[in-house]
Amino acid sequence: MTQSPRPSSAEIIRDGTWWQSAVGYQIYPLSFADSNGDGIGDIPGIISKLDYLADLGIGFIWLSPVYASPMVDNGYDISDYRAINPIFGTMADMDRLIAEARARQIGIVMDLVVNHTSDQHPWFQAALADPSSSFRDFYIWRDQHPPEGSPAAIRSTFGGSAWSRDAQSGEWFFHLFAPQQPDLNWTNPALRAEIYAMMNWWLDKGISGFRMDVIDLIGKQPEAGITADGPELHRYLQELHEATLTGRDALTVAEAWSASLTNAPLYSAPDRREVSMVFQFGHVTQFWDEQLGKWKPKPIDWPKLKATFATWQTALHDRGWNSLFWGNHDLPRAVSRYGDEGHFRVASAKALATVLHLMEGTPYIYQGEEFGMTNAGFTRIDQYRDVETLNFHRIQLTEGVDEEAFLAGARANSRDNARTPMQWSAEEHAGFTQGQPWIQVNDNYRWLNADKDRLDPDGVYQRYRRLIALRREYAVVRHGTFRLLLPDHPSLFVFERSKGPDRLLVVANMSGQPVILPACEIPQVEGIDILTGRAVSTGAGMELEPYAAFAIWL
Ligand code: NOJ
């Protein structure tokens, strides 16, 4: 057994770009912090929490949409890209947020929702009012609803047909989401020019980049039945890059549910000049039911999950760049889905953070994850607010699915699980608002909140804080090669990162049972856990407590 040494000294970041050493933090504005007592989070509320985020150490905020919107899909239906929704504040508030964040070395990454607009956007309104208007061609139309079974008979992600009828002209417009979210026609160069101008307008204001909503859909060809990953997609992304990002140091992250091991490097290879990185969902969708999808999730199978991560780590190393995440506003809470919120909430939240943040890529924290917030725990349909959940409840019940079965699926995977208000403190409404929250606060806020967890040196928050600091500190965390050990072990997640002489071993027990380390299959070391400063060993017969996780130099 060797005694593990520490690398000579902490390194100053000289490699890569700023977003390769930074950690992102997603804010869902509706549920983050309410400053004016209307029960809805807002921009001044976010500003009031910037010191908290600076203390955590994040490098940038991904801000879910705050633009003018009728809020059919909580802001992912934009009616004016250059205006702020009054429920969130004013443009002056937004400018202040950008400046105040910057003063704390935090960038603002805006959500860019350009696959579709709201039906209330002036472009769509002009298109409806006058079919001969040039704006008509900003959207996608056909004379008749496509016959069932034909390639164009596409279903909307939120249920039902993707074609809706405009009563006035009798024509049908295309929408991959709600009918109030008509899809933009990216084949139209005039539309593309408008989008690029709008992006430049925001970048000139000093934002640090864009998270690009369902951007893999913009190359769609509905008549051919193609939605994701259309033939023109990468041409558009290269054109977009050229028109908006050239010469700027901005981060772009493409949300791409269709990203595969083959096409992901196309987006993020530096020489292709498209985007900085992709959000791909392989680790999410591999545990969805073949028929009922997210509404009937499968249990997590760690060997399969580890294999997915390992494949992506290897596929993009030196070829592109990974983004790393467990959750977001569309997904369940990390600790509820992948950990054990009932018995080992703190330990499993920390273990999940550890394995994710010590891989290669840019990690994203979803608000509340940093102190182990859990799923909403709703038991009745009237507690839900999400358009997708409400639509599928109606559709599946009509198709004969049992209501209890649907509610069980929603309890596991509805988007509202991640949308309940931030639990700042044990005060009424979790300190989120002085008014009535727009969606119910999780009752567990009295004992599960940021104030309480932050005080605990062994809490979840302090683990995230340490992991964020380690990424800045060590090149091996940012750029080291990844090697998975014990791939078939049912619960141990063990990997090695190496760069030059530095080798870091990460060991985590992703189960609620103690596990004996299989000594002959992993390096034998004893030394100091770089996460806690405590002595650890991988020696023969070593037993790992449920959800124990550590990292040690080899
Ligand atoms: C993906 C977003 O994350 C989701 O919340 C939204 O409903 C769809 N895109 C449509 O914009």
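Strand 7 and strand 9 (residues 172–174) run antiparallel and are joined by two bridges, where a strand is a DSSP run of E of at least two residues, numbered from the N terminus. This is a predicted model, in which local features need pLDDT of at least 70 and side-chain atom pairs count only at pLDDT 80 or more, while totals for chains, interfaces and linings use all residues. Residues are numbered from 1 along each chain as its sequence is written, and side-chain values use heavy atoms, with hydrogens and water left out.

- Three strands, in the order 7-9-8, make up an open antiparallel sheet, and two strands pair if DSSP finds at least two bridges between them.
- Strand 7 (141–142) and strand 8 (163–165) are the edge strands, each pairing on one side only.
- Opposite arginine 142 stands tryptophan 172, which belongs to strand 9.

**The ligand and its surroundings**
- Around the ligand there are 13 residues, each with a heavy atom within 4 Å of it, and the closest are Asp73, Asp213, His329, Asp330 and Arg415.
- This shell divides into seven charged, four nonpolar and two polar residues, with Asp, Glu, Lys and Arg counted as charged, Ala, Val, Leu, Ile, Met, Phe, Trp, Tyr, Cys and Pro as nonpolar, and the others, Gly among them, as polar.

**Polar atoms facing the ligand**
- Aspartate 73 has a polar side-chain atom 2.5 Å from an oxygen atom of the ligand.
- For arginine 415, a polar side-chain atom lies 2.9 Å from a ligand oxygen atom.

Conventions:
Helices (H or I, at least four residues) and strands (E, at least two) are DSSP runs, numbered from the N terminus. A polar contact is a pair of N or O atoms within 3.5 Å; within protein, one must be able to donate a hydrogen and the other to accept it, and residues adjacent in sequence count only if both atoms are side-chain atoms.
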